[in-house]
Amino acid sequence: MLPSLPETKFWAGERYYRRLNIDINDFYLLDTSGYGGGFEDLNVKFAQASVAYLAGAREDIITNNGTYAKSVLDARLYNIKTPYGKLGLWYDYSFSKGGTTADNAQIPSVGGWAVGIGHTRTELWGGYNRITLQYGVGAAANFSTGIDDPTPVLQNAHTFRLTESSVIQPNKYFAIQPLVIYQEQFTGVPKQGTNTWLSFGARPVWYFNEHFSVAFEAGFDKTHSGTGLYDGWLRKFTIAPQIGAGREFFSRPVLRAFITYANWSEGLRGFVGGPTYLNKTSGFNFGLQAETWW
């Protein structure tokens, strides 16, 4: 900490670094977690800023240059005030150095960049609303420190992603999280086309007392493979009685029993549910789930 910049924090080590997720899908739309260092919460008058270096590695890929790794430079501006909330901007540069493996396979070096913008309405009927736009190229097209399989065409890969999600809790008896995700993804392989994915749904929760609640979830996904391998839709419905720590949407820990029914189109037959549902287009699942975080 600097006396002239008391809000600025310096750090080094392993972190879940400023990642963003949509809880009911457990979907991390931005996850630059890993080993590294940097600073955050630097006051630049109209916003706060952070810069970090982070890295990930593929232990299963070893070249003459060592473990195949990905270096990420992450820069952000956030808490930019707007009439209806706060705006954030993000830039990422990623690079993986290739080499030659023990069996003489050539692993190409690849770089890439990504940008994003997000707006959060910090107060919306007891909750919030967040909308994000992202675009990434090459090694940065997955918006993560994770490393894709190295290919000669990975540098041509690109991803566009739009997300819209909210949490609304007008009182202590009811809360809901709705979401929309749209993504276009090109792997870089010529003539393979673009993979598309549309997902939307919601999880309402009714609270009967301090610890007992019932959640219901409905979702719909439409996906298309650029190679023509699959093209179809899936819809699912879940009901889950819950025992939790409080009467808020994010109260944790929580223990829930659930039963789910899903069905999907012929275009996804054989792609949903693993071997159990290989030749089916619908099915049930049930079980117990515990969820916590700290």
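Modeller: Start at Lys 45, which sits in the loop between β4 (34-43) and β5 (48-63). Strands here are DSSP runs of E with at least two residues, and helices are runs of H or I with at least four; both are numbered from the N terminus. Lys 45 is not a glycine, yet its phi is positive, about 75 degrees. Its relative accessible area is 81%, so Lys 45 is exposed. The cut-offs are these: buried means under 20% relative accessible area, exposed means over 50%, and partly exposed lies in between (1.4 Å probe, protein chains only).

A word on the source. This is a predicted model, in which local features need pLDDT of at least 70 and side-chain atom pairs count only at pLDDT 80 or more, while totals for chains, interfaces and linings use all residues. Residues are numbered from 1 along each chain as its sequence is written, and side-chain values use heavy atoms, with hydrogens and water left out.

Now Trp 125, in the loop between β10 (110-124) and β11 (127-138). Trp 125 also is a residue other than glycine with a positive phi, near 50 degrees. Trp 125 counts as exposed, because its relative accessibility is 60%.

What does Arg 130 touch, not counting residues up to four places away in sequence? The list is Leu 20, Asn 21, His 119, Thr 120, Thr 163, Glu 164 and Ser 165. Contact means heavy atoms within 4.5 Å. Gly 98 is another matter: 32 residues along the chain from Arg 130, with 37 Å between the two C-alpha atoms.

Next comes Leu 162, in strand β12 (residues 158-171). With 30% relative accessibility, Leu 162 counts as partly exposed. Leaving aside neighbours within four places in sequence, Leu 162 contacts Ile 131, Thr 132 and Leu 133, along with Val 180, Ile 181 and Tyr 182. Between Leu 162 and Tyr 277 there are 31 Å, C-alpha to C-alpha, and 115 residues in sequence.

That brings us to the aromatic rings. The whole structure holds 14 aromatic pairs. Why is the pair of Trp 264 and Tyr 277 edge-to-face? The ring centres of Trp 264 and Tyr 277 are 6.2 Å apart and the planes stand at 85 degrees, so the pair is edge-to-face. Trp 264 lies in strand β17 (residues 254-264) and Tyr 277 in the loop between β17 and β18 (282-291), so the pair ties together parts 13 residues apart in sequence. Rings of Phe, Tyr and Trp (its six-membered ring) pair if their centres lie within 6.5 Å; planes under 30 degrees apart are stacked, over 60 edge-to-face, and the rest tilted. Trp 264 is buried at 6% relative accessibility. Tyr 277 is buried too, with a relative accessible area of 18%. Elsewhere, Phe 200, Phe 220 and Trp 233 make up one aromatic cluster.

Arg 15 lies over the face of Trp 11, 4.8 Å from the ring centre. Arg 18 puts its charged end over the ring of Tyr 78, 4.0 Å from the centre. The test asks for NZ of Lys or CZ of Arg within 6 Å of the ring centre and within 35 degrees of the ring normal.

Two more stops. Pro 253 is in the loop between β16 (231-244) and β17. The peptide bond from Arg 252 to Pro 253 is cis, with omega near 5 degrees. Ser 213 belongs to strand β15 (residues 212-224). Ser 213 is buried, its relative accessible area being 5%. Beyond its neighbours within four places in sequence, Ser 213 contacts Val 205, Trp 206, Tyr 207 and Phe 208, and also Ala 240, Pro 241 and Gln 242.

Finally, the whole chain. The protein chain has 18 strands and zero helices. Its C-alpha atoms fill a box of roughly 60 × 60 × 30 Å along the principal axes. Of its 294 residues, 42% count as buried. Among contacts with a separation of 6 or more, 54% come from residues 24 or more positions apart.
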